[in-house]
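This briefing concerns a single protein chain and is intended for a reader who has the coordinates at hand. Please consult the sequence and the structure shown here alongside the points below.

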Amino acid sequence: MDHKIKQQDTFDYYFNTKTSKQEITITEKIKVILNYRNLSPKKQNKIIEEIQQAVNDFKTFADLKNIKSSEKPLEIYIFDNNEDYQHYGKEKGLGTEGGKFHSGNPPTIYVYQQGNVFNLKHEFSHYLTNINIANEAHLPSILKEGIADYIEYFPDNKFNAQANSIDLTEDEIKSKNISEFLKLKYSNDFHENAKVYKVGLALTMYLKAKKPELLKNLLHNENPEKYLELIKNENDNFKNWLNENNSDNAMQKINALEVTKGEFIASKKEIIDGEIKNVNYYTADIKSLETKEFVGKFATVEYTGYGNYIRCYNAASRDYFDIKITGDYHYLKLIENNNNEIKLVFTNEDGTKYFTDSYEYQHKLKIINSKYDQKTFEGKITEERVNEIITQLTEINPNALTNMNLANKPLGTIFNVKKLGKGMVSALSLYDGEEKVSELLSETGFFKQIDGQQQKSFVFSNALHNLHTSYGGKVYLAVEKEEQQYKASLIDGREVLKDPYFDQPHLHKNELLSPSINHIQQKDLPSSQLNGTKIYNHKDSPLAQYATSQEQPPYTIKKGELLDNKGSSSIDDDVYEAVIYKDDKVIYNFKTTGFYITEEITDQNNNIIDGSELFIHDHGKNIRYQLPKEITYLKLIKKDDAYKLAVCDKEGTEYTDIPDEYRLIDSIFAHRYEKKDHSNNHLNIGLINFDKYPEGSLFQLKYDPNDYQIPRNENNDIVRISDSYKYSTKVKIFYNGTDIGMLSNDHHNFQGHIFFSIDYNYSFKDFLASYSPQVDIIEEVIVFEQGYGDIGNTNHGYTDHKKIHLTTNDHQSVNKSPDNKITTDILYKNKPFSHNPSYQPLSNNKHNENNIYHRQHSDMGYADYQVENNQNIGSDNGTIDYENAIYP
């Protein structure tokens, strides 16, 4: 079966086949024609809302009584995704930008869907400027883009977009002036091109706030050159305004803490945009903005129960030690080291033998030392630094223990370390006798920076939550005290005066990951409390719940049974089944099992030298099985009157060393797909019909050589850190040499109170996180929508892509939802897709010493998205080899 969609590569073909046209009239009698292929009713209403809002905001900004419209209606062409935008729009001059406006008759806007319709308000603002501003042709590029960005972010005028623009411009004005800013041009260099937008926004904000008459004259009066000269004279005033409004000053006023780059940790070779580069890692220090004094530091070592081991893992350097939980050294002894520091070290039960004296330690020590070969790292990592890395893994700081003051314990006290969770990754608990007294932290924070670049990213991760977040700009922490307990939060943007969820001024925090208060020195907590504002969570707003505040959906998703108790005192990291209900009746239980496979490595003569390995991962229970290399076939069998796919070898001999629930694969996990030539995305178009195959048929499983997880250079060659490096990919299904479909690798469950829906075959960085997920079932297919309860800004098109096809047994009680008619009413509102941090699951098949940095579009300023996809694979055992596999 050929899954590639054969079709013409023309713009006209794309928008004349299976497309819709909708003419609408909005405020000021502006006529707009929407052209689209797949646009949900909610998104159509969202478009109407956004362009009406843009008209109102533009009138206020430009001080206009009325808005003029073009002679012919504005044509807006909306592509399904960015790949289609670039491919089918190339004849219109479209490329890697985030959208385009073309003046003409008719005027035209080209945009694409990415969650919402991306950059729509920005491009529509260009249209309004072109039609309504007499001097538009004389405006420098930075002011055209500044105006468009100003209108795009107008309702949210104290959020991250503006803050990032002010901070960048303040840094630039140290070496440039307004005259030079006005000469900025579009550039193929990403960072240079971003200045056109960010500096333009900052300058536009300044003019509107401090020189409104000058701005008005520039836009509407004759001789605009005169007013541009007057703007050039504003350099000193502009510099002062930038300083007064920068992020540090804004955060200092509310007593927030700043996270800054600290000491060098290590360097690693990583694959960045298809090239192997040096990436440097640094500690993340926490400082007071008021006093500039050090008040804490993020841990770089996390501690988890990993399989049958205690894992001490440096998330920055990727070095680790494993200690068997059933072995001799799963005890911690309180000591004072040679530097007179209080530490905990691993010993035997009576504290007379130390893990550092064991064979396991000495063996791993050799591996770590050999990794830091001086030739490889050009002397950057000294022997002293390597010793520090090793010491940090084996000597535990007291602040890595939760809710415990070791000052009350005498030296020599011994604690028993236990793993209470049942899944692959669990919290580690400390016991003093029979009493649980503490837990070890499973979270880390650090900075990373590519050699030769100024841009740096702060990365915070929590192994129990299986997630990390990355901040590309400045990073701030808030400390609050509730019920006599301190808590810390990562702040996502400045204070907002109001939003759709709350009418009062407030801060947004990172609701997916919150750091432990242990990273901050206890003595500094009282003076570090947030002042003059509050943090509100979306989950506390009725708007984010299934309530009358948002249109009541026909289906709701609720927690089911507990799948993975992480063994910690928190309930926010525990994983629960997700269940679809309708009228309090169970409609569907989401599946949690996924499949992936490693590459098959061949020599120059195409002989196999290293075969593929199939992995079966229950993402809910967090149990993973690694099958022997010969088990890469499925045999069609009947069990309980239903088709099952039994894992087997090429002779059809079934593999029976794992439980039946995993070795006998349900046919719902095998689906057909379509793929466009210009895209690596695979569209799920339905389940494979196994009625057409005789019982006992064998299906071969193969890796996908074109999977997005395999990095390639500009010549399309695969790039590897080492020749032995293997990537993992989606699992293709072949019958008699013909590709008939693939196995799924997704999961949909609750972690704490948050519903997650992730499809690893599609992306590791684009997924749904929501307190009240919006779901519908149409013609036996589960589809997702955006909604009020979505958080974290993680959905960049996922809900447009994700579909789950049901078997007959699964949808017996399913009814189609009523038609959703298009109106001009506002059905829902989302927080603007702004400059929020990126998120990424610490995926099951995550190895890749290559963090692939995805660059932002010219109209964007978002934190870099990171992908750490693949993982070194262990031995040929029936279950995962915990000792050899690398996590995360």
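The points that follow move from the overall composition to helices, a sheet, nonpolar cores and selected residues.

The model is predicted. The protein has 888 residues, of which 60% count as buried. Its secondary structure comprises 17 helices and 51 strands.

**Overall composition**

- Among contacts between residues at least 6 apart in sequence, 65% join residues that are at least 24 apart.

- Helix H8 covers residues 190-210, a run of 21 residues. From its first C-alpha to its last, H8 reaches 30 Å, close to the 30 Å expected at 1.5 Å a residue.
- H8 is mostly covered, since 16 of its 21 residues are buried.
- At the start of H8, the backbone nitrogen of His-191 has a side-chain oxygen of Asp-189 within 3.2 Å.
- Helix H15 consists of 12 residues, 383-394. The distance from its first C-alpha to its last is 17 Å, close to the 16 Å expected at 1.5 Å a residue.
- The buried residues of H15 are Arg-385, Val-386, Ile-389, Ile-390, Leu-393 and Thr-394.

**A six-stranded open sheet**

- An open sheet is formed by 6 strands with antiparallel pairing, in the order S16-S15-S14-S17-S19-S20.
- Strands S16 (395-396) and S20 (435-439) stand at the edges; each has a single partner strand, so one side of each is left without a neighbour in the sheet.
- The pairing of S16 with strand S15 (residues 342-347) is antiparallel and runs over 2 bridges. Within this pair, Leu-344 has Ile-396 of S16 as its bridge partner.
- Strand S14 (residues 331-336) pairs with strand S17 (residues 414-419) in the antiparallel sense, over 3 bridges. Tyr-331 has Asn-416 in S17 as its bridge partner.
- S17 also pairs with strand S19 (residues 428-432), again in the antiparallel sense, over 4 bridges. Here the bridge partner of Lys-418 is Ser-429 in S19.

**Nonpolar cores**

- In soluble globular proteins, nonpolar side chains tend to be buried together.
- The largest nonpolar core contains 62 residues, and Phe-124, Leu-203 and Phe-238 have the most contacts inside it.
- H8 gives the most to this core, contributing 9 residues.
- Apart from this core lies another, of 47 residues, among them Ala-578, Ile-631, Tyr-655 and Phe-755.
- Beyond its neighbours within four places in sequence, Leu-203 is in contact with Ile-142, Leu-143, Ile-178, Leu-182, Ile-231 and Phe-238.

**Selected residues**

- Thr-129 lies in helix H4, which spans residues 120-132. Its relative accessibility is 4%, and because the cut-off for burial is under 20%, Thr-129 counts as buried. Leaving aside neighbours within four places in sequence, Thr-129 is in contact with Phe-58, Glu-136 and Ile-147.
- Glu-336 belongs to strand S14. With a relative accessibility of 41%, Glu-336 counts as partly exposed. Setting aside neighbours within four places in sequence, the contacts of Glu-336 are Glu-341, Ile-342 and Leu-411. Glu-336 and Leu-411 are 75 residues apart in sequence, while their C-alpha atoms are 7.4 Å apart in space.
- Ala-315 is located in the loop between strand S12 (309-314) and strand S13 (320-324). Ala-315 is buried, its relative accessible area being 10%. Not counting residues up to four places away in sequence, Ala-315 touches Thr-300, Glu-302, Thr-444 and Phe-446. The C-alpha atoms of Ala-315 and Ala-463 are 9.8 Å apart, although the two residues are 148 apart in sequence.

Conventions:
Residues numbered from 1 in each chain as written. Predicted model: local features only at pLDDT ≥ 70, side-chain atom pairs only at ≥ 80, totals over all residues. Heavy atoms only, no water. Expected span 1.5 Å × (residues − 1). Buried < 20%, exposed > 50% of the residue type's maximum accessible area, 1.4 Å probe, protein only. Pairing = 2+ DSSP bridges. Polar contact = N/O pair within 3.5 Å; in protein donor to acceptor, adjacent residues only side chain to side chain. Contact = heavy atoms within 4.5 Å. Core = buried A, V, L, I, M, F, W, Y, C linked by side-chain atoms within 4.5 Å.
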